[in-house]
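Try each task before reading its solution.

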Amino acid sequence: MITNQIPGGNIEVVSVNGRDIELDVELRDTAGDWFYWSFKAVFPAAGRYHFRFTRDNKVGTHGPAASLDGGRSWRWLYRGYRDNAREFDYDCAEAGEEVLFCMGMQYLQRDLEAFLAEFAGNPALRSGTLCRSRKGRDVELVAVREGAPEHTVLLASRHHAGEMMATHALEGILRAALADTESGRVFRDKIAVYAVPFVDKDGVEEGDQGKNRLPHDHARDYQEPGLYPETAALRKLIDRLRPDFVLDLHCPWIRGGDTNEITYMVGTGNARMDREMDRFAECLEAERTPEAPYFKQDNVPFGTSWNTEKNYTQGNTIKHYAAALPFVRCAQTLEIPFANFREVTVDRSSMLAYGGSIARALYRYLTTGDGGAGR
């Protein structure tokens, strides 16, 4: 049995012929093609099962992510890099085995709730509601704040619902800010962090692509009158908090190409913001970890690759909205790939480590004037 009736579920079963299963993604209200999918399989018997998508570029560089414990933990199905972007096999150990499959390592409301429960006794952690979604869900606003910090950072992820690896990294930033260590205490003394993990909350929980949603998606909704309650609430939150730094976390295309297996920032064409991007890039490169390495040279300046005027014809991003505000010192988009940082394979633990390096870079950037030259 294969079902999409799970949180974040998205799959169309085209045909089943014994142990050969043909699949397609549900695009729903997405224009064009995209690649997000997630489903549960219950296997009737032990043995090898072959899954094939009707269209290419639906399977990542290490196959799908698989979970045998209901989504609490995930592993890539293949250790080695795979060129096959359409098919994968699964060896079922015994009849009745239930497996969650996803094109990436899923992150849903249940994962955020587990994180909040883990740190429930920490007085610096505050959890509230940004707004209600179109379908009545609470859109979480998480804060790490203690005392009277000098700086404020606003984090966002899932403007595109299927970009889950970015939310693992966002949790890593929050964990670093909450840490009961000298670095955590120093961070909280200087910086307050506010985070919206699921901007497209309905899309995340229902398993939408989110990207290129018609007539435009959440990431292109930072102008009046706007379509979505989340983006309207975020505009108001920015005006109220007056953050020093706005960081929007995304994931690129599923695999291949020049920009899909590296992590990078995206230039705006705004001279002031691009100078600040370079400064923050120096800080992030100085704080990089071997688990998830960032290199300044991988940034994509405005006017290069996909980052052109044509990409923003549907509307403004949160970065463009924030960059125009005089009190915002730095507004950036950070792209985080699904499975590979160059030759390094990443997973949830890598993403938490990357979040830690982002937190250290934020501290370095906001509290020193020397970029990557020292703390």
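Two strands count as paired if DSSP finds at least two bridges between them. Keep in mind that this is a predicted model.

**Exercise 1. Find the residue in β9 that is the bridge partner of serine 67.**

Start with the strands: β6 covers residues 65-67 and β9 covers residues 98-102. They are joined by 3 bridges and run antiparallel. Now look across from serine 67, and you land on leucine 100 in β9.

Next, zoom out to the sheet.

**Exercise 2. Work out how β13 pairs with β11 and with β12.**

Take β11 (residues 138-144) to begin with: 3 bridges link it to β13, and the two run antiparallel. Here valine 142 is opposite alanine 195 of β13.

Then turn to β12 (residues 151-157), which pairs with β13 in the parallel sense over 6 bridges. Leucine 154 has tyrosine 194 of β13 as its bridge partner.

**Exercise 3. Decide which way the side chains of β13 point, and whether they are buried or exposed.**

In a regular strand, side chains alternate between the two faces of the sheet. In β13, Ile191, Val193 and Ala195 point one way, while Ala192, Tyr194 and Val196 point the other way. Buried means under 20% relative accessible area, and all of these residues are buried. That makes 6 of the 6 residues of β13 (residues 191-196), so the strand is largely enclosed by the rest of the structure.

**Exercise 4. Check the length of α2 against what its residue count predicts.**

Helix α2 (residues 165-178) has 14 residues, which at 1.5 Å a residue should span 20 Å. The end C-alpha atoms are 20 Å apart, so the two agree.

How enclosed is it? With 12 of its 14 residues buried, α2 is largely enclosed by the rest of the structure. Among the buried ones are Met165, His168, Glu171 and Leu178.

**Exercise 5. Describe how α1 and α2 are arranged.**

The axes of α1 (residues 109-118) and α2 come within 12 Å and cross at roughly 5°. Angles under 35 degrees count as roughly parallel, and α1 and α2 are therefore roughly parallel to each other. From α1, the contact uses Asp111, Phe115 and Glu118; from α2, Glu171, Leu174, Arg175 and Leu178. Sorted by class, that contact has 3 nonpolar, no polar and 4 charged residues.

Conventions: Residues numbered from 1 in each chain as written. Predicted model: local features only at pLDDT ≥ 70, side-chain atom pairs only at ≥ 80, totals over all residues. Heavy atoms only, no water. Helix = DSSP H or I, 4+ residues; strand = E, 2+ residues; numbered from the N terminus. Expected span 1.5 Å × (residues − 1). Buried < 20%, exposed > 50% of the residue type's maximum accessible area, 1.4 Å probe, protein only. Axes fitted to C-alpha atoms, helices over the stretch in contact; angles between N-to-C directions. Parallel < 35°, antiparallel > 145°, perpendicular 65-115°, else oblique. Contact = heavy atoms within 4.5 Å. Nonpolar A, V, L, I, M, F, W, Y, C, P; charged D, E, K, R; others polar.
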